[in-house]
Amino acid sequence: MLRFIIRRIIVIIPMLFIILSLTWGLIRLAPGNFYTGEKKLAPAVEANLRAKYGLDKAWYVQYGRVLWNMARFDFGTSLKYEGQSVNQILWRAFPVSAALGFSAYLIALVVGITTGTLAALRQNSWIDYASMALAMIGISIPNFVLGPLLILFFGLTLFWLPPALWDGFPSKSLVLPAITLSAIYIAYIARLTRSGMLEVMRSDYIRTARAKGLTEGRVVTRHALRGGLLPVVSFSGPALAFLITGTVVVERVFAIPGLGNYFINACFNRDEPLIIGIVAFIAVAVLGFNLLVDIAYGFMDPRIRY
Amino acid sequence: MNDKISKTEGHHNEPTKPALTPLGTPPEAPALPRGDEVIHTGPEFAVGEGDVHSAEAGEIVAGSSLWKDAWRRLLKNKLAVFGMIVVILLVVASLIGPAIIKRATGYSYDLIPRENALNKSFPPFRGADGSFSWIHPMGTDNAGRDILARVLSGGQISLMVALISTFVSLLIGISYGATAGYLGGRIDDLMMRVVDVLYSLPYIIIVIVLLAMLPAKTPTGQLAELFIALGAVSWLTMARIVRGQVLSLKNQEFVLAARATGVTTPKIIFRHLVPNTLGPVIVYTTLTVPTVMLSEAFLSFLGLGVRPPRVSWGSLAAEGAQNLAIYPWQLIFPGVTMALMLFCLNFLGDGLRDALDPQMRRE
């Protein structure tokens, strides 16, 4: 197990290197830079600013600095948000995105597993058909359509919830964004749970559990769910990558000051240190989370050995 | 026929056994299928257990019966048929709709009316004086452009991006997967490890950086950039599927026979193996189209995909979301059209999977 973890961590390092080099290369290859905006700076001012941020050095010096920054996890100062270090911005925006993503995934797990299990236990009943049809709708409605529609209905017609606002973690302002973000996960998790449970419920060890005289509820919760949820666990890894795409949109729709919003703005502003900082942060988060999921998988399924 | 299909399906990722027939078995050599012949056979050909003669004789009949079989199964699935009909309707409407609207009302997706009074957003079915009118069934946008025409033209672009990107992903995925599967051994290990690594990359982040940093000069260039960006990131699953298929096929006798007659490796891969993986590839392709369509809409929503004056469903939804409180129809029509398309494509894909690939059928 320990060897497996160490091996995976060793793979993560070259991957980070590739991601960072790609990002940096793209920013460099692109014509123009942060200072080619609508507001022209005096040449002397621009030269001074470039010197201050080290943009006047040779490309390999700058590239080396990017890698060195990555190693220390310190990405310097943002060009756009003057006087703020990239790390300050990261640590301010990350909790916001994390709160949003966490609530969304929690909703998705609870709702998705419940509906998926119910559908599997009552296979081919109306519950089954209804929940699978709903799941298909959840997969098909893009979140940038669902979000505004929810705003229109709950925010601007019924006035129950704020249309766009960020109030911190447990707050009314979190409800709509979290639901919007969770819709597609509810759908995926419900489908995965259903097929996983259907397979497990037919297996020998469930028959054994029943033969021992356990109640149906106990068979389902103690025995079947553990095996039936394995697909959901392995989905959680890629789900994080999806979650990032989701938060980018949801944060823009609901004007939430999270990582996704900063990332898009940084890309449009060509704020190089901030782009690299956010890309590195997200990459570390995704790769680390994938590792965690693989480890969790080993605990859930005793048959898996590394 | 059915149990024959399931035989190949069962072998997905198992290591393949060495072929039993020794290399040059003379009697069969003259009857070997040439590349050109094999290409016309359906996936069932590979399954025929070695009897080259009978397979060749019954080639055409067997080929059509598999597809007929699948077609019959597909027609039994009501949801899939519904999906197929709606998809066809939407595609046809997107293709010919804008021309019809242009004829009937004079509006096109980028036509801004000259009269000042018309230069504002009308609700659906309302004319300039606020009374009922057929001229704008979906209303107009802020500049007075007809939303129906925009939704249908947007459909053209969305469909085109989805189809071409899927094609790009098919090209890469099939070549990569088939090569890895056929060559096997170390090369296979290495190639599939690369796929594993790419799987865990947050590629959408890199696509965003790419599109934001290198916006193309022309709208057409922008579209080309989208095809490549979306195609290049969605080939991974296709590569895995094709590799699995090729692994289960490559030790069958028709490959052995091809090798024995001295067919080159690339030719074996692309003319003998790839045509036999068609079933699963078709299924996965129909499921890739909605995914790619969604990615395109996502990027266009962020302002990174399709740019004005061109429109796509994603960019229309982005425009509509900005005027949501006052002109909700600007979001609702493009949004619902797109959701309907994705919904039906997904149902069609599921139905095709059940029809072509009974082993993979969801319980």
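Analyst: Leaving aside its neighbours within four places in sequence, B:Ser315 is in contact with B:Ser300, B:Gly305 and B:Val306. Two residues are in contact here if their C-beta atoms, placed from the backbone, lie within 7 Å. Keep in mind that this is a predicted model, where local features need pLDDT of at least 70, side-chain atom pairs count only at pLDDT 80 or more, and totals for chains, interfaces and linings use all residues. Residues are numbered from 1 along each chain as its sequence is written, while chains are lettered from A and ligands numbered from 1 in the order in which they are written.

You can find B:Ser315 in helix α15 of chain B, which covers residues 313-322. Helices are DSSP runs of H or I with at least four residues, strands are runs of E with at least two, and both are numbered from the N terminus. B:Ser315 is buried because 26 other C-beta atoms lie within 10 Å; buried takes 20 or more such atoms, exposed 12 or fewer, and partly exposed is in between. Now look back along the chain to B:Val289, 26 residues away: its C-alpha atom is separated from that of B:Ser315 by 18 Å.

Let's move to another helix of chain B, α10. Its 15 residues (219-233) should span 21 Å at 1.5 Å a residue, and the end C-alpha atoms are 21 Å apart, which agrees; the expected span is 1.5 Å times one less than the number of residues. Among the buried residues of α10(B) are B:Leu223, B:Phe227 and B:Val233. The buried residues of this helix pack against α7 (147-183), α9 (203-213) and α14 (278-301) of chain B.

Next comes a pair of helices in chain B, α8 (residues 185-199) and α11 (residues 236-249), whose axes come within 10 Å and cross at roughly 150°. α8(B) and α11(B) are therefore roughly antiparallel to each other, a label used for angles over 145 degrees. On the α8(B) side, B:Met192, B:Val195, B:Leu198 and B:Tyr199 meet B:Leu236, B:Ala239, B:Arg240 and B:Arg243 of α11(B). By class, this contact has 6 nonpolar, no polar and 2 charged residues. Here Ala, Val, Leu, Ile, Met, Phe, Trp, Tyr, Cys and Pro count as nonpolar, Asp, Glu, Lys and Arg as charged, and the others, Gly among them, as polar.

What about the other chain? Chain A has 12 helices and 0 strands, and its C-alpha trace spans about 85 × 55 × 30 Å along its principal axes. Of its 306 residues, 40% are buried. Among contacts in chain A between residues at least 6 apart in sequence, 74% join residues at least 24 apart. In α6(A), residues including A:Leu146, A:Leu150 and A:Phe154 take part in the meeting with α7(A), where A:Leu176 and A:Ile184 are among the partners. The residues of that contact divide into 9 nonpolar, 4 polar and no charged.

Finally, see where the chains touch: 37 residues of chain A are in contact with 33 residues of chain B. The elements of chain A giving two or more residues to this side include α1 (2-29), α7 (175-201) and α12 (272-300). The largest share, 7 residues, comes from α12(A). Sorted by class, the residues on chain A's side are 32 nonpolar, 5 polar and no charged.

How values were computed:
Axes fitted to C-alpha atoms, helices over the stretch in contact; angles between N-to-C directions. Parallel < 35°, antiparallel > 145°, perpendicular 65-115°, else oblique.
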